[in-house]
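Student: I would like to learn how to read packed helices and chain contacts. Can we work through an example?

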Amino acid sequence: MTQPPPEPPYAEQPPYAGQPPYAGQPQAAEAEWQRMDVRYLVVGPFAAARQFIVPAGAAAIGLGSTGSPWALLALPVFVLASALLGAVPWLTTYFRVTPTAFEVRRGLLNRTRLTAPLDRVRSVDLEASLVSRVLGLTKVSVGTGVDDTRIELEGIAKDDGESLRRFLLTRSREAAAPAAPTGIAGTAGTAAAEPSVTSSPYGAPPPSAADPEPVELARIDWSWLRFAPLSLARLAVVAGAFGFLSQFVNDIPVWETRTAQDAYAYVAAQALAVVLVVAAVVALVAWVVIAVAAFVVQWWNLRLVRDGDNLRLTAGLFTTRSTSVDEKRVRGVRLTEPLLMRPAGGAELATLATGVGEGGTTTVLPPCPREVAVRVGEDVLGSPADHPLTVDLAPHGRPARRRQHVEQQLGSLVLAVVAAIAVGAVPWDLPWWLPLVVLAVASALGVVVAEAQYRNLGHRLTADHLVVVGPSVVRRREVLESDGIIGWVVQQSFFQRRLGLATLVATTAAGGEKVVVVDLALPVAVGLAHAATPGVLDEFLAA
Amino acid sequence: MPEPTTEPTTQPTAVLREPTNLVSPRAVSYWRLSSGVGTGVAWIAVALTWFLWDPRPWWASALLLLAAVAAVVPTVVMPPVRYRIHRWDVTDVAVHTRSGWITREERIAPLSRVQTVDSTQGALMRLYGLRSLTVTTASAAGPITIDCLDADVATDLVAHLTAVTGAERGDAT
């Protein structure tokens, strides 16, 4: 256990031994610092302008309203400032790839130096906005280890970004498995014999037998568009837009007919109903259009491939994203079936991985048929024999069900009390029976919701996976490798103690960093933890 | 509505035993003092307001009484209870703690997944010769804290934990 780790294979040679060195220079022991692509000078000002447009606009309007002659200068100053500020990142950002690390140095006054050890690189993402794509640039984000900060480089030529991604991921894989004789160090001899195999400065490893062709796991199918309007995640956006539009409702001519002409009195009487119906139809159509458009923009040209040990997702109509995750870092998946999508047989799939951006979850499939999500999910998990995505779950039993109902009915009670207070407090007349109606409706709804939540609630420990669905209306199945569990928390609130229930939290470095099993009988919770991580609890169990 | 199936009997069950070790007995007085200082200052502020409140409504006195009770509970009642509840165990394999007064919480982490072992000592804790220990894993949901150990015990534990976790390979995720 205490012996030093075996020497990594690259310790013998500089990293680019035999690879085409930077800019045709002789091989250097120390890698050169280099700047981002010069084309960034075009993108930078746009980014800077976007940051300043609101304050600059406000200042310009302020100046303009005073009639000051300085207002005329506002635009040229704004443009010039954007151009200058936009150039600063290019002037002050340098990066290099050393034998052991990917390093970025940036900042004019506050200098920072970010270092990602090559063996800690977990994910490399490429993202290109529309402007960047026109210029052939891309943004590279490198995710490392357990912390959330990612190293980002804004302006890299597209091909360089691709080869940088390939290089970093290959190296991190080799460092993780030092015994593997393939890769850069292994092929250095052959590469040295034929210099300038590639013009890439990062020395993308030549393809070898260890790098099989990328395998496609999923590709966009436009029939999935039918699920787009059923996903309510974007509803808030539409509701906001509709609220904004609704202020023009007063201008709809139906209102004027009522006031203007008596002959249309009957029509006018119906106007309110008409307006409501029209509004509902317009809202529905707007929702469908926006949902479909957003789906197309986000998932255009979606491809999910397995490239060696990496999962790579590419998608996007205007801004193209390319997300790569080391498959060994994927500790589980999450299959989400939102309420509206479930009757239609749709589901979404996300991976739970360590060292990937914020949240640790990456959505890898848009709303799509459940069978597709299950197939891809099992593929991502390495086709386990225990079928964690389809296995039946154990229910949590009556006390757990009772807790769901009690929680919901407490909510209805609170609503009724609020309604009663409102009846007493507001100056205009509200019917006295309003709180009763609220109570009746809310408790009826509460029964339905509680029952739906309890029906979803369940768990199962399969051979290699902990499978959990929480008590929620949205059915969200989380599958976590037992091997990815790094600790346990057994929580019992006062009321749970009275019912002999406990909430079991499996902590993990992947995804949301925890998987929660709600309202298990206490002995079952401890038994589950004991079975999922054999050995850990041994000494803490009662005889 | 069909009845949900009752508790499946096929699932393995187990019971955690009470962790062996208590924290330092001096922790009780430390908790008393530290919460007493905080709540005392707050109570004096409330009492001063009550005193200066001239046409004093009846409920102001009730509030004062409530504030007094709220000050007494964490200073008088809670520390001994907390002392009895907060227990811990450290083996060569894992850490186990129990804590929580109203909400009970037991935390377990295998040492093979431990990332850092931190120990902290505030000024007041130094006066009492106490030291707290926090063991973190790669999950934000998983830090394990043993509050107010005897300073010597804490130092020994840190040495033990760093020795065990240092011998582990891999990145513990």
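Student: How are two packed helices described?

Tutor: Two packed helices are described by the angle between their axes and the distance between the axes. This model is predicted. In chain B, take helix H1 (residues 26-52) and helix H2 (residues 58-85): their axes come within 8 Å and cross at roughly 175 degrees.

Student: Are H1(B) and H2(B) roughly parallel or roughly antiparallel?

Tutor: Angles over 145 degrees count as roughly antiparallel. Therefore H1(B) is roughly antiparallel to H2(B).

Student: Which residues make the contact?

Tutor: From H1(B), they include B:Trp31, B:Gly36, B:Trp43 and B:Trp50. From H2(B), they include B:Leu64, B:Pro74, B:Pro79 and B:Tyr83. By class, the contact has 16 nonpolar, five polar and two charged residues.

Student: Now the two chains. How many residues of each are in contact?

Tutor: Chain A brings 43 residues, and chain B brings 38.

Student: Which element of chain A gives the largest share of the side that touches chain B?

Tutor: Strand E18 (485-492) of chain A. E18(A) supplies seven residues, the largest share. Other elements of chain A that each supply at least two residues include helix H10 (398-425) and helix H13 (522-532). By class, this side of chain A has 23 nonpolar, 14 polar and six charged residues.

Student: Which strand of chain B pairs with E18(A), and in what sense?

Tutor: Strand E4 (residues 104-110) of chain B. E18(A) and E4(B) pair in the antiparallel sense over five bridges. One residue pair to look up: A:Val490 has B:Glu106 in E4(B) as its bridge partner.

Definitions and conventions: Residues numbered from 1 in each chain as written. Chains lettered and ligands numbered in written order. Predicted model: local features only at pLDDT ≥ 70, side-chain atom pairs only at ≥ 80, totals over all residues. Axes fitted to C-alpha atoms, helices over the stretch in contact; angles between N-to-C directions. Helix = DSSP H or I, 4+ residues; strand = E, 2+ residues; numbered from the N terminus. Parallel < 35°, antiparallel > 145°, perpendicular 65-115°, else oblique. Contact = placed C-beta atoms within 7 Å. Nonpolar A, V, L, I, M, F, W, Y, C, P; charged D, E, K, R; others polar. Pairing = 2+ DSSP bridges.
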